[in-house]
Amino acid sequence: IYTCTAGEYGRVGSDDLVARVCSHLQNQKGKRPYAIPVGGSNSLGTWGYIHAVEEMMSQWHALESSGDDDSQRSSLDHIVFACGSGGTATGIALGIALAHDALGTPAAHMPHVHAIGVCDDPDTFYKDIADISDKMGLTLPSGVSTENFIRQHLTVYQGKGLGYAMATDEELDFVYEFAQTTGVVLDPVYSGKALYNFMKLVEQDSTFCDQNILFWHTGGALGLFEKCDELLPNPQKDRPYQRLDLYGKGDGIDISGPSE
């Protein structure tokens with residue numbers, strides 16, 4: 001494991017840092033390093049989410065055919081997820097286009113993809129996603145640029161807030177309350193920020209009314225550990241649970257005595 005400071009990382013950039021370490025390992029240590037970019041977001045790693053879209057579509061079609069009341073509407077209108085390095089966004093956007101045979105012209109009805117950026121700005125993500133797509137071998141009709149195609153199928157939003165891995169009290173409260181309400185645990189770096197910002201968007205944009213929206217939980221649970229103290233309930237928050245004190249030690253509801 002090789003470490004650097006946050007400032008060094010910001011000044012040099014992850015790609016150059018990885019390249020320098022690989023050069024050191026090869027030239028000074030005689031090793032044969034294999035460089036993996038941040039998030040595995042390159043032309044190889046992105047195929048993981050191409051396959052993930054295939055799996056998701058098969059699950060959606062199985063839900064449609066199950067006859068459950070909740071699946072009467074057959075359309076999947078929107079897919080939402082957190083975007084940190086562009087690989088997930090590239091794979092889902094291209095995967096949805098492939099699933100609907102829309103590499104040439106837009107399909108009559110296909111879900112729109114929404115990526116909530118937790119770092120950088122949307123224009124940077126559009127460029128990175130287009131670059132990954134080109135390196136994957138994406139072929140489009142003559143005159144159609146990769147970035148324009150990506151922008152047609154994918155919308156990237158600014159959702160970094162205070163900055164990467166930095167959370168506001170409101171964002172942490174959202175993660176806390178969402179877990180209590182639904183049993184689904186989000187993280188404060190990726191999925192929590194993404195859903196927090198998308199919920200704000202839904203509240204302001206009526207076009208999402210009566211739409212089928214899939215939020216794709218991409219993980220990130222390790223980000224919870226740094227925020228444990230901030231996420232723990234405090235006396236000002238309403239708790240849906242209370243600690244029992246079976247031994248009269250004063251750390252909960254005293255039920256140490258015999259029942260009446």
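**First stop: helix 5**

Select Lys 135 and Asp 131: these two sit four residues apart in helix 5, so about one helical turn separates them. Helices here are DSSP runs of H or I with at least four residues, strands are E runs of at least two, and both are numbered from the N terminus. Before you click on, note that this is a predicted model, where local features need pLDDT of at least 70, side-chain atom pairs count only at pLDDT 80 or more, and totals for chains, interfaces and linings use all residues. Residues are numbered from 1 along each chain as its sequence is written, and side-chain values use heavy atoms, with hydrogens and water left out.

Now show the side chains. Lys 135 and Asp 131 form a salt bridge, with 3.2 Å between the closest N and O atoms. (That term means a side-chain nitrogen of Lys or Arg within 4 Å of a carboxyl oxygen of Asp or Glu.) Lys 135 is exposed at 59% relative accessibility, while Asp 131 is partly exposed at 36%. The labels work like this: buried is under 20% relative accessible area, exposed is over 50%, and partly exposed is in between, using a 1.4 Å probe and protein chains only.

**Across to helix 6**

Next, pick Asp 123, Glu 147 and Arg 151, which salt bridges with shared partners join into one network. Zoom in on Asp 123 and Arg 151: their closest N and O atoms are 3.0 Å apart. This pair links distant parts of the chain, with Asp 123 in helix 5 (residues 122–136) and Arg 151 in helix 6 (residues 146–153), 28 residues apart. Asp 123 is partly exposed at 41%, and so is Arg 151, at 33%.

**Back to helix 2**

How many salt bridges does the structure hold? There are four. Another one to select is Asp 16 with Arg 20, at 3.1 Å from N to O. These two are four residues apart in helix 2 (residues 14–27), so about one helical turn lies between them.

**Two helices crossing**

Colour helix 3 (residues 47–65) and helix 4 (residues 87–99). They pack at an angle of about 50°, with axes 7 Å apart; the axes are lines fitted to C-alpha atoms over the stretch in contact, and angles run from 0 to 180 degrees between N-to-C directions. Helix 3 and helix 4 are therefore oblique to each other, as angles under 35 degrees count as roughly parallel, over 145 as roughly antiparallel, 65 to 115 as roughly perpendicular and the rest as oblique.
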